[in-house]
Amino acid sequence: MQRFTLPRDLYHGKGALEALKTLKGKKAIICVGGGSMKRFGFLQKAEDYLKEAGFEVKLFEGIESDPSVDTVMRGAKAMEEFGPDWIVAIGGGSPIDAAKAMWIKYEHPECTFEDMCKVFALPKLRNKAHFCAVSSTSGTATEVTAFSIITDYEKGIKYPIADFEITPDVAIVDPKLAETMPQKLVAHTGMDAMTHAIEAYVSTAHANYTDPLAIWAIRMIRRDLINSYNGDMTARDNMHDAQCLAGQAFSNASLGIVHSMAHKTGAIFADYGAHIIHGAANAMYLPKVIAFNAKDPEAKARYAQIADELKLGGETADEKIANLIALLRDMNDKLNIPHCIKHYGKDSYPTEEGFVPENVFLERLPEIAKNAIADACTLTNPRKPTQEEMEKLLKACYYDTEVDF
């Protein structure tokens, strides 16, 4: 038996933010990030719509990119003091992910962060509050998923919280919010969405219910991402829908080791001056993981199916997969995303010498590989890597070398 869970209501299309007026309750807390939602007027609109619906409204602002355990605990305390019956998270993946974790702690104060990270083992939520997610970026799709990513900065590790309990009750997918994204964010979130869709399609938990969502998202992203990056707002609007379809697929089919590796490399080199931004990490690692997973016969057939859907040509499965990898690398080039960690430089742009020194990478490699294997997303990857294979795969992602093992 498998489970397929999505938000109870999903409002989409321009002006969908107004759906906040339909919520019923007394107190709403709005969780928001660093200021773009305020600058563009969406935060004020959200607040006004909720007040029109009869809510007393409190703001929890300033949630950082890659939200920390400390931010989660502070937000949960604010919720405990205010007592909301609706939590409304607005912005990119970070404020929505943080608000999901705050929700758990608000409902269950005894729940530790370690408890939250036990896969599909959360206690029941919705005893105190319901959850509405309003996405402003076209990538994470956390507005429809059972996932949240929180960073433990002491360990330098991103941890996925995974449980259908944190699937939002209401999702609002209004493309007007996404039209404000800066170009670099369009690139990273777009390739994050592509990774979601491809990993969901080859996941060991894929199903007839997830496959159509995944494959349609792949087709849309291939068609619209580059144009969106180059300023085409019709393509930008389409991407907001495409990433949501990808999210619906992976929330129910789960992911694979592209995400496991991205989670465990994202913050581990922060002491050397930067994070490897999640979407950029996925973009760099995806071609390597496809080559690795294609040694599994079922995964090989499904990657070839993706290539056929995209009409990439090729006579054999090997040729089709090579064409798929070439397409993804070409997209990275057009989006100004590097191909490997060694060339991942300031502001995530390609450079000859990136911010992660080779000796530091090699020194930390065994621990990164171990943690990646232990990541929740590894459970549904079509090929189970050993410690040695994961280290070799990570090296290929550092140096941009061929994966032939």
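A pocket is defined on a 1 Å grid over the protein atoms alone as an open set of points with protein on both sides within 12 Å along at least five of seven lines, and lining residues have an atom within 4 Å of a point. The structure shown is a predicted model, in which local features need pLDDT of at least 70 and side-chain atom pairs count only at pLDDT 80 or more, while totals for chains, interfaces and linings use all residues. Residues are numbered from 1 along each chain as its sequence is written, and side-chain values use heavy atoms, with hydrogens and water left out.

**View 1. The second largest pocket and its lining.** Eighteen is the number of lining residues here, written 18 in the count, and F120, F164, A205, N252 and S254 lie nearest the centre of this pocket. Its volume is about 250 Å³, where a volume is the space filled by probe spheres set on the points, and grid points are joined across faces, edges and corners. Helix α9 (residues 233-253) gives the most to the lining, with 4 residues; helices (H or I, at least four residues) and strands (E, at least two) are DSSP runs, numbered from the N terminus. By class, the lining of the second largest pocket has 12 nonpolar, 5 polar and 1 charged residues. In this classification Ala, Val, Leu, Ile, Met, Phe, Trp, Tyr, Cys and Pro count as nonpolar, Asp, Glu, Lys and Arg as charged, and the others, Gly among them, as polar.

**View 2. The aromatic pair of F120 and F164.** The whole structure holds 10 aromatic pairs, that is, rings of Phe, Tyr and Trp (its six-membered ring) whose centres lie within 6.5 Å; planes under 30 degrees apart count as stacked, over 60 as edge-to-face and the rest as tilted. The pair of F120 and F164 is tilted, with 5.3 Å centre to centre and 50° between the planes. F120 lies in the loop between α5 (113-116) and β5 (130-135) and F164 in the loop between β7 (157-162) and β8 (170-173), so the pair ties together parts that are 44 residues apart in sequence. The loop between α5 and β5 also holds R126, which has a positive phi of about 75° although it is not a glycine.

**View 3. The largest pocket.** This pocket has a volume of about 1100 Å³. Of its 48 lining residues, S65, G92, G93, S94 and L185 are the closest to its centre. Helix α7 gives the most to the lining, with 6 residues. The lining divides into 17 nonpolar, 24 polar and 7 charged residues.

**View 4. The largest cavity.** A cavity is a set of grid points where a 1.4 Å probe fits but cannot get out. The search of the whole structure finds 1 cavity of 30 Å³ or more, and the largest cavity contains about 50 Å³ of space. Among the residues that line it are I198, E199, V202, L286, V289 and N293. Helices α7 (183-202) and α11 each supply at least two residues of this lining.

**View 5. Helices α11 and α13.** The axes of α11 (residues 278-293) and α13 (residues 317-334) come within 10 Å and cross at roughly 170°; axes are lines fitted to C-alpha atoms, for helices over the stretch in contact, and angles run from 0 to 180 degrees between N-to-C directions. That makes α11 roughly antiparallel to α13, a term for angles over 145 degrees. The contact (heavy atoms within 4.5 Å) includes L286 and I290 of α11 and L324 and L328 of α13.

Notes. Angles under 35 degrees count as roughly parallel, over 145 as roughly antiparallel, 65 to 115 as roughly perpendicular and the rest as oblique.
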